[in-house]
Amino acid sequence: MSQSASANVSSPVVSSDMKQLAADVLARALKAGATDAEAVVYEGDEFSALVRLGQVETLKESGSRAVGLRVFIGQRVASTSSSDFSDESIARLVDGAVTLAKITSEDPFAGLPEAHEFGQTCAPDGGDLKLYFDDVNEQPPAERIEVARRCEAAAMAYDTRIQNSGGSEFETATSHKILMNSRGFWGEYRRSYCGFSVSPIAVDEKGGMQRNYWYSSSRTTKKLESPEEVGEEAARRTLRRLGARRVKTQKAPVVFSPEISKSIMGNIFSAAEGDAIYRNASFFAGMLGEQVAGHNITVVDDGTMVLDGIGGFGTSPFDGEGLPTRRTVLVERGILTNYVMNTYTARKLGLRSTGNASRGLAGNPGIGAHNFYLEPGTETPEEIILDVQSGLYVTEVMGFGVNLVTGDYSQGASGMWIENGEIAYPVEEITIAGNLKDMYKNIVAIGNDLVFRGASAAPTIRVEGMMIAGS
Amino acid sequence: MERCLGEALSAGGDYADLYFESVTSTSLGVDESLVKSASQGISVGCGIRVVSGERTGYAYTDDLSSERLLRAARTAALIASGPAKELMSGFRHAETPKSLYPVAGATSDAEIAAKLKLIQRADKAARDYDPRITQVRAGFNDELRRILVAASDGTFASDTQPLARLNVFVIAKDATSTARGTSGGGGRVTLDFFEGDKSPEHYAREAARTAILQLGAVDAPAGEMEVVLGPGWPGVLLHEAVGHGLEADFNRKKTSAFAGLIGQQVASSKVTVVDNGLMPNRRGSINIDDEGNPTQETVLIENGILKGFLSDKLNSRLMGMPNTGSGRRESYHHIPMPRMTNTYMLNGEDMPEDIIKSVKRGLYAVNFGGGQVDITNGKFVFSASEAYLIEDGKVTRPVKGATLIGNGPEALKYVSMVGNDLALDEGIGTCGKAGQSVPVGVGMPTVKLDRMTVGGTGQ
C-alpha cells in the first residue's frame, strides 16, 4: 500500500468555526421562541488498520461532525441533531426543536443547570487534565500498521498451538467537542486515543479452538506498551483456555479477575444512577446511608483523574450539561454515600448533580461514569487464589443476566478451576449466579492489582458462596 | 459518481462501491405520564470502499460535495497498489423489486401527534392493568433510511427502508418485592400497524403482566435439565447458537466453530433453520442489502444437516460461493459484512401441549432478553426473562430470570420435539457484531431440548 495516507479526511473545521456555529444555533433557537437552549458541536477523526496473518486486511480513515440542539420553552424540552451543517439544515434543526418542544409536557424538574453551578472553562486541550496529545495524529499510518503486524507476529510465534488469528488492529481517534448554553456557559475540549489489540486463535490436538485477546491503549503513542509484550500476553490468555471442560453444578467461592471484577463493581454505578433511584428501579433505591456492601468496599467515580501525566479515559473538564466534573465516593467502607446524578435526576431527588450528565447528540442527558473504580486491598491475586480449597477463577462472563431492579445475577462464565489454592484446569460452558446485594457483602478478599486499562478498573476479588451450574 | 469510482480504483483496486445514506429519525417518550422527551435527528453521508484481493480500504464523508467525495475515494484507494483500473461503462439499474414495506414521506406534525397518542395509550393501559404498577415509561422510535449503492461491477440500486418500534417499560411493586417488565414491537410498518392486534394496549398489558408475574417468582433452578422454549422470541437461541457461526467471514477465516462442517449433522433431524430477508414488514427484512444485492431466503440447516453460510460480495468471491445478499452495515461509517435478517426454525409436527406433557422436571422459557456467542469455541448464552418450572408435565411456578448456556454445534442435537406453532418475534431485535448494530428478527415454534444448562440459584 501507499504510505502517504493523509491524516485527516474531514473538513478542517477550526475551533472558532465550531464555536461560531454553536453560538449561531443558540441565537436562532432563542429567536425562534426558546426560553433556554444548549448546543453541542462535535468533530472527530478515526483511523483503523486491521492486520490478519501478516497482511493488511482493512484500512479505514475518516472524519465526521455533528451538531446537537436542546431547547426549552419554559419547562418543556425537545432536541434535534444533524450531520449536515448547511444553512437550510441548521434552520431545520432549530425549527424542528422548537416545534417538538411545544408538544412535550411541562415538567417542573426540567431545565438547564443554574448559572452559578457552572465552573471555569479551561483550555481546549483540557488544560491540566492532559486529554489531548498531537502525536496520535502525527504517527504515519505505516508505523501503526507495523505495530499491529509485530503484535500479531509475536502472538503467532509464541506457541505452535497458536494457529490462526482474528487479526491485530491499530486504532486512533481524536475528537473535539464544544458545549454552549444560553445561561452563559461555554466550554470545549479535545481528546485523543490510540491503541492496538490482537486476537489469536489456539487449536488443541482434538481440533478444539479457543480465542482470546489482549490490548494496550493510551491518549498518547508514547505510553503504548510494546507490541511484542501485548502479543505474547494475548497468546498466554488464549492458550490457557485450551482443553476447557465443564464442572458439576455446585456452590463454591468465585475469584473474579480484574476484567470481570470491573463489570461486577460497575453494576454499583448503574444501581446508584439517579434515574433508577427515583423510579424505584434499583436495589439501591432508598438505601442512601445504609450498609450495602462489606466494610472493605470503597467505590469511587472520579472525572478529574490524571495518571502518570495522562488524563484518564473517563476524564473531562465538564459533563454533558457543562457542570464541572468531580470525585464522588459512591460507597465508603460499605455505606452507600452518594447517588450519581445529572441535573434532572438530582432535582427529582432533591439533591445536587454529581456532574455525571452524559449527552449524546439528541435526547435528554443520561447519566454516565467517569473513571470508576474499586479501591484496592493488600493481597496479591495469588494469595487470594491460595485461600481457595475448591472454587472457580472467572476470566470471562457472557450474557445479559443482570437485573438491577432485584439484583439478580446470572451469567455464562469461563475461567479456571482452583484446587487446593492452585489453578488446576480451564473450565467453560457453565453459569454463575447469585444476587448482587449478597455478592457485595460477601467479597471476602480484594487484590492489590488495581490497574487502569480503561475508564473503569477494579482489582481481583473473591466472592463466597455463588451458585455454579454445569453438568 | 463514475468519476468518484474511477478515483477509487486509481491505485488498481479490484472493486469499488459508493454507499450513500440519509437517515431521519424521531424518538418520543412518555414517562410518569408526562411527555418528557422528543427528538429528531438527521444523518447524511457517503462511505467509499475499495477492495483489492482480500484487502479493503474504506473512507466516509458527511459532506457530499464532489471535492470531499473524491478525497474520500482517494483515501480508500490507498489499500491497493498498482496501475489504475478501467471502469466499466454504465451502471446496471436493477429492476425495481417488489417492495416488502410501505414507504412513507417525511414525518408530518400530524403524525407526531399520532405517535404521541400511541404511547400515551400505552402509559394508561399499563397503569390500568394493576395498582401494583408504579412506574411506566413508553417510547416510540422510528426512522426512514434511504440508501443508494453504486459499484464498479455495475451495481446501481436504491431502497427506502422505514423502521418503527414501540416500547413499554414498567416497574411493579408490592409489600415485599419490586420487579420490572418490558415489552415492545414494530417493524418496517406505518402507524396503522399499531391499530390492530399489536396495539399500544397489547404491549402495555404484556409488560405489566410480566412485571406482576415476576413479583411472585421463585429462584430459577441450576444445572442441566430438559428445557422447553416457547414460540417466537426464544428463537434468539438460533441467532446465537448457529446464526453467527454461519456468517461467511468467520468461516472463510476458519475462526468459527462451524468451519468445515457443511454437509454434516449439526442438529437433530427435526431441525430446519432458514434466514429470510423477504418477509413483508418484518424488522429484519430488506429489499436489497447494503451492497445493493436483493435479499433472499437461505437455508442454513435442513433436517439437521448444515447447508450453507450467509455471505456478501467479498466473502462469496473469495470462497467461490453464492452471494446470499447478506452484506449489511450499521451506517455509512461502516464496512459491510455478512449479517442475519430474520432467522427462524420451521414448524415440526408436535402439539405444544404434548411437548410440555413430556417433561418430568424442567424449565419452560417463553421470553428472553439478549444473547451472546463466542463464535470460535461455539459457546453461547441467552437470558430468560419469563420462565416457569415444569413439574410432572405441568407448567407450575414462575421463576426468576436466568441465563442458559450451550455449545452451538452441539445444542441443537438435543432437540427432541418441534411444535407446529411457529411464530416470529414482536419486532424488537437488534444484533451487534464488531461494533455494528443492525435490526433483525428471530422465530421458532415450541421446541424441547433434552439437555441444556440453566444458570439459576436454586438447587
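**Sheets in chain B**

I started with the open sheet of six strands in chain B, which has the order 11-10-9-14-23-20 and mixed pairing. For pairing I took the DSSP rule of at least two bridges between two strands. Strands here are DSSP runs of E with at least two residues, helices are runs of H or I with at least four, and both are numbered from the N terminus. This is a predicted model, so local features need pLDDT of at least 70 and side-chain atom pairs count only at pLDDT 80 or more, while totals for chains, interfaces and linings use all residues. Residues are numbered from 1 along each chain as its sequence is written, chains are lettered from A and ligands numbered from 1 in the order in which they are written, and side-chain values use heavy atoms, with hydrogens and water left out.

Next I looked at strand 15 (residues 361-373) of chain B. It runs parallel to strand 8 (residues 222-229) of chain B, with four bridges; Glu226(B) has Gly362(B) as its bridge partner. With strand 16 (residues 379-391) of chain B, strand 15 of chain B runs antiparallel over ten bridges, and Ala365(B) is partnered by Ala387(B). Strands 15 and 16 of chain B make a hairpin with five residues between them, and Gly378(B) in the turn has a positive phi of about 85 degrees.

**A sheet in chain A**

I then found an open sheet of five strands in chain A, order 13-12-9-16-21, again with mixed pairing. Strand 13 (335-336) and strand 21 (456-457) of chain A each have a single partner strand, so one side of each has no neighbour in the sheet. Inside the order, strand 9 (residues 299-302) and strand 16 (residues 371-374) of chain A pair antiparallel over four bridges. Val300(A) has Tyr373(A) as its bridge partner there.

**Core and a buried loop residue**

Which residues touch the most other members of the largest nonpolar core? Val25(A), Leu69(A) and Leu166(B) do, out of 55 residues. A core here is a set of buried Ala, Val, Leu, Ile, Met, Phe, Trp, Tyr and Cys residues joined through side-chain atoms within 4.5 Å. Buried means under 20% relative accessible area, exposed over 50%, and partly exposed in between, with a 1.4 Å probe and protein chains only. I listed contacts (heavy atoms within 4.5 Å) for Leu69(A), leaving out residues up to four places away in sequence: they include Val25(A), Ala29(A), Leu93(A), Arg359(A) and Leu361(A).

Leu112(A) lies in the loop between helix 2 (87-103) and helix 3 (135-138) of chain A. Buried or exposed, this Leu112(A)? It is buried, at 1% relative accessible area. Its C-alpha atom is 7.4 Å from that of Thr343(A), 231 residues apart along the chain. Beyond four places in sequence, Leu112(A) touches Thr343(A) and Arg347(A), among others.

**Rings**

I count 18 aromatic pairs over all chains. The rule takes rings of Phe, Tyr and Trp (its six-membered ring) with centres within 6.5 Å; planes under 30 degrees apart are stacked, over 60 edge-to-face, the rest tilted. Tyr193(A) and Phe313(A) are tilted because their planes are at 55 degrees, with the centres 5.9 Å apart. This pair links distant parts of the chain, 120 residues apart. Tyr193(A) is partly exposed at 29%, and Phe313(A) is partly exposed at 25%.

Tyr213(A) and Tyr215(A) are stacked, at 6.0 Å centre to centre and 20 degrees between the planes. Tyr213(A) is partly exposed at 46%, whereas Tyr215(A) is buried at 18%. The charged end of Arg453(A) sits over the Tyr215(A) ring, 4.9 Å from its centre. For that I used NZ of Lys or CZ of Arg within 6 Å of the ring centre and within 35 degrees of the ring normal. In chain B, Arg329(B) lies over the face of Tyr19(B) at 3.8 Å from the ring centre.

**Cysteines**

I found zero disulfides over all chains, taking a pair of cysteine sulfur atoms within 2.5 Å as the test. Cys151(A) is buried at 0%.
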